[in-house]
Amino acid sequence: MKINKPLTLIAELTYRCPLRCPYCSNPVNYGEINRNQELSTEYWLDAIRQAAKLGILQLGFTGGEPLLRKDLEVMVETAASTGIYTSLITAGTILTPERAAKLKDCGLDHVQISIQDSQAAQSDYIAGVASFEQKLTAARLVKKLGFPLTINVVLHRHNLDRIEEILELCKILEADRVELANTQYYGWALKNRTSLLPTPAQLERAKQATAIAVQKRYFPMGIVYVLPDYYEKYPKPCMGGWGQQTIVISPSGDILPCQVAASIPELNFANLHDQPRGCTERNLEWTWFESEAFNRFRGTDWMDEPCRSCDRKNIDFGGCRCQAFLLTGKSGATDPTCHLSPDRQIIVKAREQSNHSQLIYRSISIAQNKTAR
């Protein structure tokens, strides 16, 4: 099959973060990872230059919290000099006016700030630390400096009931673009799945509220609404398809097709430390086009039934390989979120357990409120 050049580089600069979100994408064994394993400035700058040479168009600086890297400015400046469009993906809690202005001067193009909820108490509860007011301050600062502002809200059982309030807050903050992303269940989110999975009623309300916001054009650059896989009939293509659009570099230098790919133990991923600087044999280009790991789930030859015979195999590519492995133990299995998967019962059971848990939670909550009165 023809392999197109990648479009996006996701630079995970660090796993360190001041927040403690229950759906965090950080590895669940983060506590065992040594901070000294983070890539040096030199390696990151080399990777950015390689990405530009490879034809990558956009670069997202993320984490963890990328602002914890003191060399972020030089990375932004290097990327800007190549013409790559740069985004800072941040919690916003440690974004100061001085740092924001410096990043602007270095050529940063866009800022995305995460918000956990529309109310301070709920937002701080989800984040695990007091952070709501700092996030609002950061969003206003970003707009003041003239950056395009995206607000990202990870949706789940504990904030979906306030979807209208969340959209209203995004309007007040003058967001240019809003991402409403229902939780995807990997890592910490998978461990907390029972308490995070929403109900069908919550999702329907969110769907209606989002449709109204789209119709009324609340945000000039639009709304992205990502449904949760667990309530879909068909799975989503993994990052637009495994090894189809995106390169992810982890804080330690692993070169991956998605943030969770390292969870598949049978795959050996290249690392930026593997090749001497300037070597043309083992770099981003080689990894993208030639490495076994990136080619493992490209095309359709790897597929078993029912994917192999499905007329959607070139649309969703069998779904997410990481999710398939995490739920079934087989990376080549049909993603269980697909209704045709022989493992679909895993998803059905998870939804049933979560909804039962919520019914118990609600009955206890109501009883306590009545007692208090």
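Guide: Let us begin with residue classes: Ala, Val, Leu, Ile, Met, Phe, Trp, Tyr, Cys and Pro count as nonpolar, Asp, Glu, Lys and Arg as charged, and the others, Gly among them, as polar. This is a predicted model, in which local features need pLDDT of at least 70, side-chain atom pairs count only at pLDDT 80 or more, and totals for chains, interfaces and linings use all residues. Residues are numbered from 1 along each chain as its sequence is written, and side-chain values use heavy atoms, with hydrogens and water left out.

Visitor: By class, which residues does the lining of the largest cavity have?

Guide: The lining of the largest cavity has seven nonpolar, two polar and three charged residues. Among the residues that line this cavity are Y234, C307, R312, D316 and T334.

Visitor: How many disulfides does the structure hold?

Guide: In general, a disulfide is a covalent bond between the sulfur atoms of two cysteines. Here a disulfide is counted when two cysteine sulfur atoms lie within 2.5 Å, and the structure holds zero.

Visitor: Is C322 buried or exposed?

Guide: Buried means under 20% relative accessible area, exposed over 50%, and partly exposed in between (1.4 Å probe, protein chains only). C322 counts as buried because its relative accessibility is 0%, and C21 counts as buried at 14%.

Methods: On a 1 Å grid over the protein atoms alone, a cavity is a set of points where a 1.4 Å probe fits but cannot get out, and a pocket is an open set with protein on both sides within 12 Å along at least five of seven lines; lining residues have an atom within 4 Å of a point.
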